[in-house]
Each structure stands twice: as structure tokens, then as C-alpha cells.
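Subject: Handover of a structure, with notes

Dear colleague,

Please read them with the sequence and the coordinates open beside you.

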Amino acid sequence: MEEPGTSRRRFIFRGLAGGITAALTSAVALVRPADADTEAAQGAFLAKTKNIPLRGGKIVKVKSTRYVVTQPSKGVYRCFTAKCTHQGCTVASVSGRTINCPCHGSKFSISDGRAVQGPATKALTKKRITVKKGSIRLA
């Protein structure tokens, strides 16, 4: 014969285990929306290779984020965030083999994103991409 306390203990233990499971599930759900944009952006289409000029580039928008896709040499493509490292302005153009910020005149290399003219001193953030069948996508 079982003691009455044993079934109560099991009931309480199962309730606690269920509560802990629910709390952990909620914590995971709270973290997920912040990661959802990053996950959704991965693999996102950026541009067709034929639309990226040789020794130039193009500013593209994926959801609410802007990127700069460049072709520094034939068949070589690069991608950078379009946020200037000086004060966070969005870069506005790609010309003369540089990515150009309109706010304070910073210029960045289309090859590696490094600052080639200040006031910015840090490089643009590089993004990993894949190039397949004429499409450039975030990796």
C-alpha cells in the first residue's frame, strides 16, 4: 500500500517539472524574435551578378537593413554593411572604386571595406555571401 504522501510528492514534483519546462520554453520564445531577423536575413537575396558593375557596386536593402555589394575585379564579389563606421550614417554611393558616405566624406575600399578617407578610421563590416547561378545571397 502506498503512503498518501508519496502521491502528493509525485504531484508536486510533476507540477514543478512542468513549471520549469514552461519557464524555459518562455525564455527561449523571448530570445527567438531577436534572432528571427538574423535568421531571416541569412540566405536573403541581395542582387544578380549582372547588376553589380565591375570596379563598382550597388547599395541594396533587405528588409530594413542596407548592404553594399561590390565587384572589385571580374567575378569577385564582396558585401559590407552600409553603415558608416564614423557616425553611423548610411553610405550613399559607390564610385571611383570607393563606397562613399555623404555625411562627412568618408570613403571605403570596394575590395575590403577599409577606410581610405576619413574621418572614419574603421572598415565597414564584411558580410559573408554566396554566389550561385548569377545570384548573390547572404551566407
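Conventions

Please bear in mind that this is a predicted model, in which local features need pLDDT of at least 70 and side-chain atom pairs count only at pLDDT 80 or more, whereas totals for chains, interfaces and linings use all residues. Residues are numbered from 1 along each chain as its sequence is written, and side-chain values use heavy atoms, with hydrogens and water left out.

Overall make-up

The secondary structure comes to 1 helix and 10 strands, where helices (H or I, at least four residues) and strands (E, at least two) are DSSP runs numbered from the N terminus. Along the sequence the pattern is α-β-β-β-β-β-β-β-β-β-β. Of the 139 residues in the protein, 28% are buried; buried means under 20% relative accessible area, exposed over 50%, and partly exposed in between, with a 1.4 Å probe and protein chains only. The protein exposes about 9,300 Å², of which carbon and sulfur atoms supply 54%, the areas coming from the Shrake-Rupley method with a 1.4 Å probe and, for residues, only the protein chains shown counting as cover. Taking contacts (heavy atoms within 4.5 Å) between residues at least 6 apart in sequence, 39% join residues at least 24 apart.

Strand 2 (residues 56-62) and strand 3 (residues 65-73) are joined by 7 bridges, and Gly56 stands opposite Gln71 in strand 3. The two strands form a hairpin with 2 residues between them, and Lys63 in the turn has a positive phi of about 55 degrees.

Strand 1 is joined to strand 10 (residues 135-138) by 3 bridges, and Phe45 stands opposite Arg137 in strand 10. Ser135 also lies in strand 10 and counts as buried at 14% relative accessibility; leaving aside neighbours within four places in sequence, Ser135 is in contact with Phe45, Ala47, Lys48, Thr49 and Thr130.

Nonpolar cores

A nonpolar core here is a set of buried Ala, Val, Leu, Ile, Met, Phe, Trp, Tyr and Cys residues joined through side-chain atoms within 4.5 Å. The largest has 13 residues, and those with the most contacts inside it are Val68, Cys84, Val91, Ile99 and Phe108. Apart from it lies another core, of 12 residues, among them Ala47, Ile52, Tyr77 and Cys79. Beyond its neighbours within four places in sequence, Val68 has contacts that include Ile59, Phe80, Val91, Val94 and Ile99.

Cysteines

How many disulfides does a search of the whole structure find? The search finds 1, a disulfide being a pair of cysteine sulfur atoms within 2.5 Å. Cys89 and Cys103 form it, with their sulfur atoms 2.1 Å apart, and with -110 degrees about the S-S bond the link is left-handed. The pair links distant parts of the chain, 14 residues apart, with Cys89 in the loop between strand 4 (76-81) and strand 5 (93-95) and Cys103 in the loop between strand 6 (98-100) and strand 7 (107-109). Cys89 is buried, with a relative accessible area of 18%, whereas Cys103 counts as partly exposed at 37%. Cys84 is in no disulfide, the nearest cysteine sulfur being that of Cys101 at 3.8 Å, and Cys84 is buried with a relative accessible area of 4%. Cys101 is likewise in no disulfide and is buried, with a relative accessible area of 6%.

With best regards

How values were computed
Pairing = 2+ DSSP bridges.
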